[in-house]
Every structure is written in structure tokens, then in C-alpha cells.
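The model is predicted.

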Amino acid sequence: RFGFLIGGAEGTVFDAPFLWIQLMLCLLIAAATLAIVYVYETNIGMYKDYVWEERDIIAVFEHLTELKVIAGLTDSFVDLAAFLLGMYLDKQVDIWWELRHDTMQELINIISSQCMRASVYFPQQTPTSQANKELLLRYGTLSLALFWRDAHEVDAWDKRTRKKFHLDDLDDLVNEGLMTERERELLIKCPVKSQVVWTWIGSLWTKWILDGRLPDASHEMQSDLCGECEKAADRIRSMLARINTQFPLTYTHLLVSITKVLIFTNAVICGYVSAIAIIGHYWYWVAVQFVNLILLTVFYQGILHIYPAIVNPFCDNVSDFSWKLFHARTVNQCRSFFAAGEKPPYVVADLDDGEDVPEGMRRHPAQMPPQLPIVQISSTRMKLFGNQ
């Protein structure tokens, strides 16, 4: 319940150094305004001859009225800023939610769906079937890894960052076993690496159809499988477009300007009201003004800080999505499908050759017989294929 206090501010808006620097600047402005107003009012201004012990009820009423009027100068401005920041924050969170559940999750769902199909089409535990399933899973997770790399590249503005995340080479993916040297050579100069992998997956399904490894060699099945690959590539393009698109400059400039003017105006008002309150011995006004200044500065600036913190959640910050978590979860999920396809509940294990199989059970997992495609083609086309 109180973990947010014990765990510290890492990964939150309170971890941003600029927020605290701005708060210190606002407190400094308030303190400077307090000192200037106090010296001026007690030596030159209307409080030059003011004696607290000799005050009357009318003087007290006038002082409190003045404090209320000055302290409330920014009330309407606060409401405007709160309204605009509320819409701004709501849109930011909607974008973040869409990236996670409407695009990234759909991409992972397609990878899982294709691996589930492979677990049914290749249920045998033969080396060929195992290799086919693992190749499909590797290409799916490779696409995820390359997408994460593309997202990193959006915010990589210096050589150190590009070197840290291997943005100019693919050696780390080769070392992790997600890519072969031959595949690295094919992708190294490709500008849309994560999307090209789905072309490979579509071509791989087509190859298996032509090799007679699938139970249906029709054009409809090939179109269905390639259609899923198209959807996966579409999701990658949608995510990259989203994290590459900023809010309109006129909107963000106006919003930030309103918030900054409000924050620094509030600091000046805090100093002025506190100075008058000290002269009139209204100490609670001083406390209220400084608490209000601290809270308004921290939380309004914190809302502005949320956008750069979540606009690209595929980087390496504490609050970003974890590539290792998504990778491990996807691999474990798909390999569970493979294991379930190899040993469904109706398969009886460890039966001798002469032993009868119980009714309703099988020795091996069910598999539709593979079909070779039957295509009517002209002799001219046959000659063309024969020369390839």
C-alpha cells in the first residue's frame, strides 16, 4: 500500500531533475518578491506607519480583503490550465493504451496465432517439424526485436546511444540466436527491417504449401496466412507512425506557455501576499501560499513531463515496456502451444507395438494429411519454371 513511499521516485515524474529545479526557482522568485515587497511597504508604501498593536477592525478587514483579491488573481487562469492539461493528459494516456493493447498486443496475438497453427500442422516430434516451428517462432520474435530497435532509433540523437542499442549493426541479435549471419546480411541495409521479416514469414508459409507440408494447398489458405502477415506489418507501421507523430506545435506551445505563466505568476503572488501577511501577522496566509505554490508547481509541471515520459514506451527507461519481458512471455506462450500440439490429452504414451489403444485415444497426435498443390499451367509456363 505504501510501496510508492518506500520504493522511491524512480520511474515517476518526481524523478525528473527539471521539476525540482523549477520548483527551487519558483521558491526563489517568491522569496525575492517577499523581501522586495516587505522592504518597500514598510519603508515607503502604505504600511510605512503601520503598527500592528494599534490596528482596528476596519484595518484588519481591509488587509484580509486585499489578500483575498490578490491571492485569487489567477483562479480563472488555474481553471483554464487545469481544463487544457486534463484534455492533454487524457489524450496522452489514450495513445499509450492504444500502443499497448490495440497495436502491440495485436502483433503478439498474430505471432501466437501463427505458432498455434504450426503446432497443429506439425504435431510430430521429428527434427523437421521441430525446426519448422522454431523457425516460425524465431522470425516472429525477431520482428518484435527489430521493431523495438526501430522505436529506439526515434529518440537516438547521438552516437553513444546508437552504439549502446546496436542501432547501426545487428550483431547482438546474431549473438542472441534471433538471426543468422545470412539473415543479417539481407537486413543490414534495409530501412524497414521489422516489416520485411513478415514478408519472410508469408513466403515461408507459401514454401510449405508448395512443398506439400500443409493439409490445404488452396489459394484461400495461402491468402489467409499472408493476410495475417500483412496485418502484423500494418501494426508495426501504425506503432512507428504513432511514436513519430508529435502533437501540433501551436497546441503544445500554447499549453506550455499557459502553464509556465501560471506557475511563475503564482510565485510572484505568493511572495507579495506573504509579505503583506507577515506585516499584518497573518502567518497562516504565508503557509497556505507557499504550500499552494509547491503543489501547483510540482503537479502542473509533472503533467507536462508525462508526455516525453510515455510518448515512446519502447525505449530503455524504468517506466517503458520491457523487451525482455515481452520476448520471454511470447516465447514461453508459443512453446507451450508446440508442446500441447505434440502431446494432446487423447494421445496415449508408452504403448507397446502390440498393445491395443483405448477407445477414443490415439498413439500419435491427429494431423490432416499434407496436400500438394494441383495447378493447371500452360506448357510455356512450365518451360519457364524449368529454366529457373
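Which helix gives the largest share of the lining of the second largest pocket? Helix H5 does, with four residues.

## Second largest pocket

The second largest pocket has a volume of about 430 Å³. It is lined by 18 residues, of which Trp-148, His-152, Phe-165, Asp-316 and Trp-323 are the closest to its centre. At least two lining residues come from each of the helices H5 (127-154), H7 (171-175) and H13 (323-342).

By class, the lining of this pocket comprises seven nonpolar, four polar and seven charged residues.

## Largest pocket

The lining of the largest pocket divides into eleven nonpolar, eight polar and three charged residues.

## Packing of H4 and H11

Helix H4 (residues 75-121) and helix H11 (residues 249-279) have axes that come within 10 Å and cross at roughly 140°. H4 is therefore oblique to H11, since only angles over 145 degrees count as roughly antiparallel. The crossing of the two helices is left-handed.

On the H4 side, the contact is made by Phe-77, Val-78, Leu-80, Ala-81, Leu-84, Leu-85, Met-87 and Tyr-88. H11 contributes Tyr-251, Leu-255, Ile-258, Thr-259, Val-261 and Leu-262 to the contact. The residues of this contact comprise 13 nonpolar, one polar and no charged.

Definitions and conventions
Residues numbered from 1 in each chain as written. Predicted model: local features only at pLDDT ≥ 70, side-chain atom pairs only at ≥ 80, totals over all residues. Heavy atoms only, no water. Nonpolar A, V, L, I, M, F, W, Y, C, P; charged D, E, K, R; others polar. 1 Å grid on protein atoms, 1.4 Å probe; cavity = no way out; pocket = protein on both sides within 12 Å on 5 of 7 lines; lining within 4 Å. Points joined across faces, edges and corners; volume = space filled by probe spheres on them. Axes fitted to C-alpha atoms, helices over the stretch in contact; angles between N-to-C directions. Parallel < 35°, antiparallel > 145°, perpendicular 65-115°, else oblique. Left-handed = near helix turned anticlockwise from the far one by under 90°. Contact = heavy atoms within 4.5 Å.
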